[in-house]
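Please open the model in your viewer and keep the sequence panel at hand.

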Amino acid sequence: MNYISIQNIDSLDKWVKSALKIKKNPLKNKKLGKDKTLGMLFFNPSLRTRLSTQKAALNLGMNVMVMNFTNEGWTLEFEDGTIMNQGASEHIREAAEVVSQYCDIIAIRSFAGLIDKEKDNAEMVLSGFLKFATVPIVNMESAVGHPLQSLADAITMEEFKTPHRPKVVLSWAPHPRALPQAVANSFVEMMQKQENMDFVITHPEGYELNPEITKNSKIEYDQNKAFENADFVYVKNWSNYNEYGAVTNMDPNWTVTAEKMALTNNGKFMHCLPVRRNVIVADEVIDSENSIVIQQAHNRTYSAQLVLQKILKKI
Amino acid sequence: MNYISIQNIDSLDKWVKSALKIKKNPLKNKKLGKDKTLGMLFFNPSLRTRLSTQKAALNLGMNVMVMNFTNEGWTLEFEDGTIMNQGASEHIREAAEVVSQYCDIIAIRSFAGLIDKEKDNAEMVLSGFLKFATVPIVNMESAVGHPLQSLADAITMEEFKTPHRPKVVLSWAPHPRALPQAVANSFVEMMQKQENMDFVITHPEGYELNPEITKNSKIEYDQNKAFENADFVYVKNWSNYNEYGAVTNMDPNWTVTAEKMALTNNGKFMHCLPVRRNVIVADEVIDSENSIVIQQAHNRTYSAQLVLQKILKKI
Amino acid sequence: MNYISIQNIDSLDKWVKSALKIKKNPLKNKKLGKDKTLGMLFFNPSLRTRLSTQKAALNLGMNVMVMNFTNEGWTLEFEDGTIMNQGASEHIREAAEVVSQYCDIIAIRSFAGLIDKEKDNAEMVLSGFLKFATVPIVNMESAVGHPLQSLADAITMEEFKTPHRPKVVLSWAPHPRALPQAVANSFVEMMQKQENMDFVITHPEGYELNPEITKNSKIEYDQNKAFENADFVYVKNWSNYNEYGAVTNMDPNWTVTAEKMALTNNGKFMHCLPVRRNVIVADEVIDSENSIVIQQAHNRTYSAQLVLQKILKKI
């Protein structure tokens, strides 16, 4: 069993309920991971993912080995058949199979490069490990998805659920640098598995996500209209998917302010963090009672723990 | 309970005695830290602090998660109300509260920048964590203080105590680069809590430490005179506090030599390390029997363990 | 007891048999390392060594503290008597003795600089730790040797041993950048301890290894001739030892191809990894059934575990 994408979740409802059970008694399965080792491989920076996934593994009694490929290991080659006489010293074929010799589960973080859409969509790093590793793989944010985050988001929404069928909005917000679409993609996929929620995506025209992911999810280009009566507002920047990786819009009118939140149904503010204050969201919103970003971060532990627990039970 | 400064020590005498008890049987409290996690956050290099604090936590049975913010995490913003459209990706408000979700105690190392005195005195990083974290904080050297070091120094002086009331000298020594005042500050504060020792600070005129810290501690500008009959000579460079962060003096006459040590009462040589040999201190002194720098480094483990133990007993 | 070089192995045959016993039941000695701490110090990148040595320590129940000197610690000085007013902040004398205060065993990786032959042959870093540390030292690849690798190679050859007296070839292969001689050196030294194997080294003229290491090992400048009837072909690039550190030959005719392997006696292909595909070895060879590079990497765990186990039994 691997955890690569939200599509690996057979029943979102059951997974969320299991995660909330874990949260009530996180050390209950501390023997499950005894003498099992999680290898955490980072090709990019990480705070929440780094610490919450470690914490989850520790809660399960696992050993953890953390490795930053950026400065601790060798530069990897991913193409097949290359004559490796340039910068890369090691091929993913060897790296993935070798790491499998020392770890029972491998977790990988490798962001989109945002230069070559095809390469990013092919998930070069994650797919490489998936193909050549001989142990289960967990996605700690890849080029295209961040399913540990979106599972934590689903857990958090369950904790704050409304008595009525909620309206959930995914809203783009401006950002000075090009960011991946991974978090937004996984959030969309997760929402598509929510049977009892209404979902709408809002972003400037031209900022459409990959249509193969959004499918028939509703898109509303008027942010104010999208916010009307929303119960949860999930905010996230992503760079342009069509003009791949470009920042073609920095319109501050898309920043989430108290005025905009006033349009919602006393809606909760969500963000995966890190967040740029007063660019993505005004202080007044993220510091308000309705902001549940810390709860989301907290639930990262139980999201990761559920995934590791499910994998450990199968190996 | 936090451990931010020497001022957090209620009774130095009792703390030193407790630490020496821990040293005799370091694994006695190995169950105290069971299923508790120490997060160690580094904004600067570290050898002794990194390893001794980890070792202390392991002796207490804790889990440890180490994170280097310099290359593994996000650049942090510390000012309130900023429009975060520049380099920083995450605000200390979120970072501190998020790390608190995964750790039971957070230990932080963040040196003085030595450019903006006011900012350094405000302990931007440490104060930020102190304000926004929801778990106890331990100072692993901040802009202004290094209280784990000075507690280890007190433990070491107790081990080498003289039958008579000892004379302790803190001596400035030259150094090619600008260094923080943190170690000297905490040593002064620790000495001010020593009821049975005489204390004198010696440094070139103009190199006065912050007078709010030195208070009425005796200052002697003649190094030779200060060394006379000293039982302990604690040597440390610091950059100019008045001309903040400047190196205005590199006079090799302040280097601690055997000749100078001959003025002392068979005095012990102390330094927090790392030390530049033959700049701060001559080989002949640091390699002599009277050098107790390794013992100081060794006691860093018990200094940290005492602090962690006290915190664990309260959470 | 230290593990610095293949010369520290008293009986290669017994060591290999012990390692294979450990492989059958790696957790048998999990109590041996209880409350013991391995400090792993890296002055260079590492994947296999980093993870396999950690895994070995975990199998023995040890605590592990990993430290990258490149970005986490202080720049070290190794010369005696220096006036340390340049880049280095800490002398190996203090660093080694200080780390000994926190660790029961210290493992070190520090490659050859390939600029100053004398300095590299003197093993500046490793010797420094060996001289000034007060706990056992393990070599995780030094300027001159990589004995954990060669022990793993011996274990792997034992697993694939032929019914007849095998012929083993160490073959140089081309590489775009200057690489150390360490792996080749230790392999030669290990082969010199093999009583029941024939051994030949093949490389272009001028690429002779240090004759004090190769001694009377057979050298054959014709690679094809060397490969004839070989049972094991160990391939590795090294830079020129005579024109120290230079890359004076990149002849692609030395790349190991299927055609060359056809000259062998159905020989196994070995390499320590990382390997540059289609430069050192053709895809068709490393991807063939006869490639045992992953098994070598796997045996790194048991090689390290045997060494740690032997040391733990003596402390």
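A polar contact is a pair of N or O atoms within 3.5 Å; within protein, one atom must be able to donate a hydrogen and the other to accept it, and residues adjacent in sequence count only if both atoms are side-chain atoms. With this in mind, select His175(A), whose side chain reaches the backbone oxygen of Arg177(A) at 2.9 Å.

This is a predicted model, in which local features need pLDDT of at least 70 and side-chain atom pairs count only at pLDDT 80 or more, while totals for chains, interfaces and linings use all residues. Residues are numbered from 1 along each chain as its sequence is written, chains are lettered from A and ligands numbered from 1 in the order in which they are written, and side-chain values use heavy atoms, with hydrogens and water left out.

Remain at His175(A), which is found in the loop between β7 (167-172) and α8 (182-191) of chain A; helices (H or I, at least four residues) and strands (E, at least two) are DSSP runs, numbered from the N terminus. His175(A) is buried, with a relative accessible area of 8%, where buried means under 20%, exposed over 50% and partly exposed in between (1.4 Å probe, protein chains only). Leaving aside neighbours within four places in sequence, the residues in contact with His175(A) include Asn237(A), Met250(A) and Arg276(A); contact means heavy atoms within 4.5 Å.

Next, select Arg276(A), in the loop between β11 (268-270) and α12 (283-286) of chain A. Its side chain makes a polar contact with the side chain of His175(A) at 3.1 Å. Arg276(A) counts as buried, at 3% relative accessibility. Beyond four places in sequence, Arg276(A) also touches residues of chain B, among them Met84(B), Gln86(B) and Ser89(B). UniProt, in an unreviewed entry, places the feature "binding site" at Glu141(A), His175(A), Lys236(A) and Arg276(A); such annotations may be inferred rather than shown by experiment.

Now display both chains. The contact takes 30 residues from chain B and 33 residues from chain A. Together the chains bury about 2800 Å², 57% of it on carbon and sulfur atoms; buried area is the accessible area (1.4 Å probe) that two parts lose on being put together, summed over both.

Finally, select Arg277(A) and Glu94(B), which form a salt bridge with the closest N and O atoms 2.7 Å apart. The term denotes a side-chain nitrogen of Lys or Arg within 4 Å of a carboxyl oxygen of Asp or Glu. Colour α3(B), which gives the most to the side of chain B that touches chain A, with eight residues.
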